[in-house]
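This report describes a single protein model for a reader who has its sequence and coordinates at hand.

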Amino acid sequence: MKKNNTVRELLALQAVVVVYTFAGIIGKIAAGQNDITFFLLYFAELAVLFVYAILWQQMIRRFELSVAYANRAAALAWSLLWAVLVFGEKVTLQKAAGVALVLAGMAIVNGKRGKQQ
């Protein structure tokens, strides 16, 4: 079994998840473009996913797989934040409740793991 992860390690994991969400932002921006701009943004999206894949491999070496994947679910919260900040979308009660449910699940998985060891 892997050791208890520190807050710093959990923040690093979330930073990797944020990198992953940047691919979605770039993809959405690329969808509205034409010609060369589309291809440049598409290449940028692939580059972000490549960097994410390398970083993710490093994270799953440091975390139990169940913890890593539970924390990856925070991508929903980050994506909602980017939707509001970058694209000006509105947060509905249903979206907020869904994100809260996901974050509660993450807290349960992280909390139970800490108590078992």
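The sections below go from the overall fold to individual helices and residues.

## Basis of the description

The model is predicted, with local features requiring pLDDT of at least 70 and side-chain atom pairs counting only at pLDDT 80 or more, whereas totals for chains, interfaces and linings use all residues. Numbering starts from 1 along each chain as its sequence is written, and side-chain values use heavy atoms, with hydrogens and water left out.

## Overall architecture

The protein has five helices and zero strands, and its elements run α-α-α-α-α from the N terminus on. Helices (H or I, at least four residues) and strands (E, at least two) are DSSP runs, numbered from the N terminus. Along the principal axes, the C-alpha atoms fill a box of roughly 55 × 35 × 20 Å.

Of the 117 residues, 27% count as buried. Here buried means under 20% relative accessible area, exposed means over 50%, and partly exposed lies in between (1.4 Å probe, protein chains only). The accessible surface of the protein comes to about 7,700 Å², and 70% of this belongs to carbon and sulfur atoms. Such areas come from the Shrake-Rupley method with a 1.4 Å probe; for residues, only the protein chains shown count as cover. Among contacts (heavy atoms within 4.5 Å) with a separation of 6 or more, 76% are accounted for by residues 24 or more positions apart.

Glu-9 is found in helix α1, which spans residues 7-31. Glu-9 counts as buried because its relative accessibility is 18%. Although Glu-9 and Met-59 are 50 residues apart in sequence, their C-alpha atoms are 8.7 Å apart in space.

Asn-71 belongs to helix α3 (residues 65-72). With 3% relative accessibility, Asn-71 also counts as buried. The side chain of Asn-71 reaches the backbone oxygen of Val-67 at 2.8 Å. This falls under the rule for a polar contact: a pair of N or O atoms within 3.5 Å where, within protein, one must be able to donate a hydrogen and the other to accept it, and residues adjacent in sequence count only if both atoms are side-chain atoms. Leaving aside neighbours within four places in sequence, Asn-71 is in contact with Leu-10, Leu-13, Gln-14, Val-17, Met-106 and Asn-110.

Within α4, Ala-75, Leu-80, Trp-82 and Ala-83 are buried. These residues cover an arc of only 165° around the axis, which puts them on the same side of α4; the arc is that of the directions from the helix axis to the C-beta atoms.

A nonpolar surface patch of about 530 Å² is made by Ile-29, Leu-81, Val-84, Leu-85, Val-86, Phe-87 and Val-91. Patches consist of residues with over 30% relative accessible area and no salt bridge, with like charges joined within 9 Å and nonpolar side chains (Val, Leu, Ile, Met, Phe, Trp, Tyr) within 5 Å. Helix α4 (residues 75-87) gives the most to this patch, with five residues. One of the patch residues, Val-86, is placed in α4 and counts as partly exposed at 43% relative accessibility.

Glu-89 lies in the loop between α4 and α5 (93-116) and Lys-28 in helix α1, so the pair ties together parts that are 61 residues apart in sequence. Glu-89 is partly exposed, with a relative accessible area of 31%, and Lys-28 is partly exposed at 42%.

## Packing of Val-99

Val-99 lies in helix α5 and is buried, with a relative accessible area of 15%. Not counting residues up to four places away in sequence, Val-99 touches Leu-76, Ala-77 and Leu-80. The C-alpha atoms of Val-99 and Ala-77 are separated by 5.6 Å, while the two residues are 22 residues apart along the chain.

## Backbone geometry

Most residues other than glycine have a negative phi. Asp-35, in helix α2 (residues 35-62), has a positive phi near 50°. Asp-35 is exposed, with a relative accessible area of 62%. Gly-88, which follows α4, has a positive phi near 70°.

Technical notes:
A salt bridge is a side-chain nitrogen of Lys or Arg within 4 Å of a carboxyl oxygen of Asp or Glu.
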